[in-house]
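This report looks at a few local features of one chain. It moves from a side chain and its contacts to a helix pair, and then to the backbone.

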Amino acid sequence: MKELKTLVRPNIWSLKPYSSARDEYKGVTAEVFLDANENPYNRPINRYPDPLQEELKAAISPIKGVPAENIFLGNGSDEAIDLVYRVFCNPGKDNVVAIDPTYGMYEVCADINDVEYRKVTLDEHFQFRASDLLAVCDGFTKVIFLCSPNNPSGNLLLRSEVETVLQQFEGIVVVDEAYSDFAEQRPFRCDLQQYPNIVVLNTFSKAFGAAAIRLGMAFASTEIIELFNKVKYPYNVNKLTQDCALEELRDVTKIHQRIVMIKEARASLMQAFAELPICTKVFPTDANFFLARVTDANAIYDYLVCHGIIVRNRHRVTLCGNCLRITIGTKEENTRLLSALRQYR
């Protein structure tokens, strides 16, 4: 890895961040707050939230096995993705490299930040070779994006290839592990000390079942986390989200039980889907969804919509011709899907 300072945009490295009232007050227990121009009435939502979410990070730390100082929390994982561009990529000059197909927000954020986005197409098994990604990098490549398990394919990327990228690429490697709780492989967030150039993404939206609160996580070196905190908006995670997340984390057993239920339902639904006359292939998955190739994705998608069932049509996505992406639902929802498709003509 290059020296971190050489990877960061010069204006960001020298940036003096905004200092909020809650940043400046630390330590002593206080009861009277007259520092932040808040309305003294309508408690508890009249006060600004903790800008660094320290209580929440302390609760997440033992669950994810990552020290609190190595955790960044944002408004969904998308905030962390955007921060990667804002911290490391000079608009109109630098570029990033990503696999294709993959999560679409990497490219959207590149366009927003005026950063060239270079795609490397996966093979027919939705895998990649590290040498292919590294071959399209140049002196202006600051970041490589890898999603594992990948979206929309659902499969884990080969760990050996990801490790090769981490070892040989001198810039930042983002490994998006949004779906890692549904996989069996050791997550890369457990290897932060081994790879100082890694940023691992995770979210409350999938395994934690809390998509509505919009809370994303990024795990990285303390130096990278400090840069994210320098650039983020002062109160980027609101109090309602922080309180709701803390409540969810009080019953970790329930979260693990739901993961087990989804994985069991995944196996049975995939088997039943593969037996449908409309299905030509079900791809292996390590996520809470699977990708399936069908006889006519557009027609079948429209048919399901008419029956009040919404799946994701990925027909126009690279390597996904005539493919539907199916999220694992409840037993009742999965049964309704299969019942409708068995009647499709």
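The side chains of Asp 94 and Lys 142 are joined by a polar contact of 3.0 Å. The model is a predicted one. Asp 94 sits in the loop between α5 and β2 (95–100). Its side chain also reaches the backbone nitrogen of Asn 90, at 2.8 Å.

Is Asp 94 buried or exposed? Its relative accessibility is 3%. Buried means under 20%, so Asp 94 counts as buried. Leaving aside residues up to four places away in sequence, Asp 94 touches Phe 88, Cys 89, Val 115, Glu 116, Phe 140 and Lys 142.

Helix α5 spans residues 77–88, and helix α9 spans residues 222–231. Their axes lie 10 Å apart and meet at an angle of about 95°. Angles of 65 to 115 degrees count as roughly perpendicular, and α5 and α9 are therefore roughly perpendicular to each other.

By class, the contact of α5 with α9 holds 9 nonpolar residues, 1 charged and no polar.

**Backbone exceptions**

Most residues other than glycine have a negative phi, and most peptide bonds are trans. The table lists exceptions to both.

| Site | Feature | Value |
|---|---|---|
| Arg 43 to Pro 44 | cis peptide bond | omega about 5° |
| Asn 151 to Pro 152 | cis peptide bond | omega near 25° |
| Asn 42 | positive phi | phi about 70° |
| Phe 126 | positive phi | phi near 60° |

Where do these sites lie? Asn 42 is in the loop between α3 and α4. Pro 44 is found in the loop between α3 (21–24) and α4 (54–64). Pro 152 lies in the loop between β4 (141–147) and α8 (159–168). Phe 126 belongs to the loop between β3 (116–121) and α7 (130–135).

Asn 42 is exposed, at a relative accessible area of 55%, whereas Phe 126 is buried, at 3%.

Conventions. Residues are numbered from 1 along each chain as its sequence is written. This is a predicted model: local features need pLDDT of at least 70, side-chain atom pairs count only at pLDDT 80 or more; totals for chains, interfaces and linings use all residues. Side-chain values use heavy atoms; hydrogens and water are left out. Axes are lines fitted to C-alpha atoms, for helices over the stretch in contact, and angles run from 0 to 180 degrees between N-to-C directions. Helices (H or I, at least four residues) and strands (E, at least two) are DSSP runs, numbered from the N terminus. Angles under 35 degrees count as roughly parallel, over 145 as roughly antiparallel, 65 to 115 as roughly perpendicular and the rest as oblique. Ala, Val, Leu, Ile, Met, Phe, Trp, Tyr, Cys and Pro count as nonpolar, Asp, Glu, Lys and Arg as charged, and the others, Gly among them, as polar. Buried means under 20% relative accessible area, exposed over 50%, partly exposed in between (1.4 Å probe, protein chains only). A polar contact is a pair of N or O atoms within 3.5 Å; within protein, one must be able to donate a hydrogen and the other to accept it, and residues adjacent in sequence count only if both atoms are side-chain atoms. Contact means heavy atoms within 4.5 Å.
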